[in-house]
Amino acid sequence: MRSRHRLLACATVALLGGAGALMTPATAQAANLLTNPGFEAGDLAGWSCAGNTGSVVSSPVHGGTRALAGAASNSDTARCAQTVSVRPSTKYTLSAWVRGSYTYLGVQGGTSTWTASASDWKQLTVSFTTESSQQSAEIYLQGWYGQGTYYADDISLDGPGGSDDTDAPSAPGNPRATGTSATSVSLAWDAASDNVGVSGYDVYRDGTLATSVTGTSATVGGLTPSTAYRFTVRAKDRAGNASPDSAAVTATTGEGGGSGARFIQAAPYLYLGWGNPPSPAEVMKATGIKWYTMAFVLAQNGCNPTWDSQRPLTGGSDEAAIKAIRAAGGDVVPSIGGWSGNKLGPNCSTTEALASAYQKVIDAYDLKAIDIDIENTDEFENAAVQDRILGALKTVKQNNPGLRTIVTFPTLNTGPNSWGNRLIERARTLGADIDNFTIMPFNFGGQADMYGNTVKATEGLKTKLASTFGWTEQQAYNHVGISGMNDSSDAGEVTTPEIWTQIRDWANSHDLGRLAFWAVNRDRPAWQFTSITARFTG
């Protein structure tokens, strides 16, 4: 018997052009003086890295979709530098977000700062004043001998440009919304012009800087569903001048999820790899359940998705069960990951490879939803893998209109732990547009109050989602899911049918989005928990 342990748009677009949007004079405003500061160009444009030790990666990232990786070795510190024009006797502030051991940020011949260890993103900041005749400054990042790869992102040099040029770029033209989801808006605009060349663009959301890019398009994530936002864009040049605001564009995010309607799902786990699995169609007939969470899609031979790392996606018992469920009027959401086994997250080396693996699962069954069960130290407690999973989910959601995405993860009895909080915060930063955050409220230890602790843990998740995404309390509840454990958990906690009914009723009264439990295989002979779950209405 396998122990589960902790596994267990509508867009309204309007150009607000005219005189009111263009009255700002073309003054020389401060701007980031660096070229390609977030590596969003997808290459090292503007940067020089010693001995080909620098590369641009898609995970981990702090902002946007790219970051710098410096491969420090026993013989090289992986120094990456950029020289910019500066003004004499002028103060500048240099900052960067970094990860890794012994990572340095500084100015050649001047001051520097460093961190001995940063397992998650940490901002380094240093200020300096140029010499009386200084015309240029070389800023740099580096690791240290034998300390391995460091990462850097969102690097900024704030201060006036060194050129005598004070002519600002023209305002970007024809700003427009090119797409929306429940929590993001994609924008594009026509390139600005400048006498010394445009170095990038700043995108503002309701007057606040949302993101900076080097190209003429951007996606702003972490937004609230069914909400109108106003965006403007400024161009900047290498001399530190910023353009007037573009004309404004407004866009309204969709409702609750990618397909418009709120996502609601009652889907207990069904595991065909263990415990004499029942006939899913017979259970549906006896209980009224319509959805199953099918466990588990794992990796085989690297980054290849299979059931339990051994059964092919199609042509076996799993596909036959899915066909039977659909023939009976139901559907499935595959659970990718879990507590144990060989998982796709750490075995697929890049975000793109992981997204491709997810896409194979989606294509095999023409899925409406996927669930990533992210647990243990190899996925949940691994910052790089967390970011890889979120980035891959963002990709497949963009490539499959209407697809719903779920992340399922462990919890404390007070709500998400530090890794859960990080997962939620990175989902917002990366614009992953997750439809449902499902917690597993069990294995608290001892004879826990399973109803009281489940409610407390769920309230903690709701509060974290509301504060991170700026959602109302009800919007946050709508994005919450509970995945419990029927009868006895690994820690000896007991959830009776009466307690599960209380949990279901509480979830219904607060309009939660999802209810599941581990597992139908353990719900014999009367299918009590499955019948209770089938009455979840959200």
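Analyst: A disulfide is counted where a pair of cysteine sulfur atoms lies within 2.5 Å. By that cut-off, a search of the whole structure, which is a predicted model, finds two disulfides.

Take the pair formed by cysteine 49 and cysteine 80. Their sulfur atoms are 2.1 Å apart. The torsion about the S-S bond of cysteine 49 and cysteine 80 is about 115°, so this disulfide is right-handed. The pair links distant parts of the chain, 31 residues apart. Cysteine 49 sits in strand β3 (residues 48-49), and cysteine 80 in strand β6 (residues 80-85).

Next, the helix packing. Two packed helices are described by the angle between their axes and the distance between the axes.

Start with helix α4 (residues 351-365) and helix α6 (residues 383-399). They pack at about 50°, and their axes are 8 Å apart. Angles under 35 degrees count as roughly parallel, and 65 to 115 as roughly perpendicular. α4 and α6 are therefore oblique to each other. The crossing of α4 past α6 is right-handed. On the α4 side, the contact uses Thr351, Leu354, Ala355, Tyr358, Gln359 and Ile362. On the α6 side, it uses Arg388, Ile389, Gly391, Ala392, Leu393, Thr395, Val396 and Asn399. By type, the residues of this α4 and α6 contact are eight nonpolar, five polar and one charged.

Now helix α8 (residues 450-469) and helix α10 (residues 497-509). Their packing angle is about 25°, with axes 9 Å apart. α8 and α10 are therefore roughly parallel to each other. α8 also passes α10 in a right-handed crossing. From α8, the contact takes Met450, Tyr451, Thr454, Val455, Thr458 and Glu459. From α10, it takes Ile499, Gln502, Ile503 and Trp506. The residues of the α8 and α10 contact split into six nonpolar, three polar and one charged.

Last, the sheet. Three strands make an open sheet, ordered β11-β12-β15, with antiparallel pairing. β11 (173-180) and β15 (217-220) are the edge strands, and each pairs on one side only. From one strand to the next, the twist averages 25°. β11 and strand β12 (residues 185-190) run antiparallel, joined by five bridges.

Conventions. Residues numbered from 1 in each chain as written. Predicted model: local features only at pLDDT ≥ 70, side-chain atom pairs only at ≥ 80, totals over all residues. Heavy atoms only, no water. Axes fitted to C-alpha atoms, helices over the stretch in contact; angles between N-to-C directions. Helix = DSSP H or I, 4+ residues; strand = E, 2+ residues; numbered from the N terminus. Parallel < 35°, antiparallel > 145°, perpendicular 65-115°, else oblique. Left-handed = near helix turned anticlockwise from the far one by under 90°. Contact = heavy atoms within 4.5 Å. Nonpolar A, V, L, I, M, F, W, Y, C, P; charged D, E, K, R; others polar. Pairing = 2+ DSSP bridges.
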